[in-house]
Amino acid sequence: MPDAWSLPSHAVSSPLLRIAVLISGSGSNLQALIDAIDADPDFGAAIAVVISDRAGVKGLARADAAGIPTEIIRWSDHSDRSAFTNAVCDVADRYQAEAMILAGFMRILSADAIERFPHRILNIHPAILPAFPGAHAVEQALEHAVKVTGVTVHFVDEHVDHGPIVSQEAVNVFPDDDASSLHARLQEVEHRLYPAAVRALAHGRLYIDDRKVRWQSE
Ligand code: GRF
């Protein structure tokens, strides 16, 4: 494979890839990861910590129920984006997490995170990037009256919703959809796509060639 950059195989260096899952809300994608890890002895990853920027959200209760440590890092306790980002990375380091999985995390991390976790941060977005980046992707897809939208899993880089694309899947938009019905169908796809991507990351199967992500076969 020419000039490909790959993630090391954790199957060799350590039995499990320790991940920090970053959330801000309901945490249904966190739950999908918890369930996928529970169901698959060969998943290759363990959730070391769940980090939220908000207290009292449902995702934290999901982590508690699964016996996963939780940490709250409030945006308002930090002077700027870099200080907040470094606090998040410090907690991930403290739990010896090797990768950060953003699952509905509503804060933008600064470049400090990319430096500290190079090619080790994934995000999931409810649209087919580069269409509809940002926090209102579902509403914007409806406003634009697209016939098809979907889900993207990507590595995080310095720009919002921009990094190398790991996987995408299309979802049809129906004439009577509202944000809630469309988001529900998008999330069904998310709950399948994200665990598959995290599993591949954990198995060292994702190769980044410039911005093209190649999946090595199992
Ligand atoms: C998901 O739709 C994800 O694509 C977006 O935020 C939402 C989080 O949902 N980034 P949940 O908290 O995982 O239920």
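**Around the ligand**

Me: How far is an oxygen atom of the ligand from an N or O atom in the side chain of Ser-28?
Reply: Good place to start! This is a predicted model, where local features need pLDDT of at least 70, side-chain atom pairs count only at pLDDT 80 or more, and totals for chains, interfaces and linings use all residues. Residues are numbered from 1 along each chain as its sequence is written, and side-chain values use heavy atoms, without hydrogens and water. For Ser-28, the distance is 2.5 Å.

Me: Which residue has a backbone N or O atom 2.9 Å from an oxygen atom of the ligand?
Reply: Ser-26 has a side-chain N or O atom 2.8 Å from a ligand oxygen. The backbone atom 2.9 Å from a ligand oxygen belongs to Asn-29.

Me: How much of the area that the ligand exposes alone does the protein bury?
Reply: Accessible areas come from the Shrake-Rupley method with a 1.4 Å probe. Taken alone, the ligand exposes 370 Å². The buried part is 86%.

Me: Which element supplies the largest share of the shell around the ligand?
Reply: Helices (H or I, at least four residues) and strands (E, at least two) are DSSP runs, numbered from the N terminus. At least two shell residues come from each of α2 (28–39), β6 (121–125) and α7 (179–202). The largest share, three residues, is from α7.

Me: How many bridges join β9 to β10?
Reply: Strands pair if DSSP finds at least two bridges between them. Here β9 (residues 206–209) and β10 (residues 212–215) run antiparallel, with Tyr-207 opposite Arg-214. The number of bridges is four.

Definitions and conventions: Polar contact = N/O pair within 3.5 Å; in protein donor to acceptor, adjacent residues only side chain to side chain.
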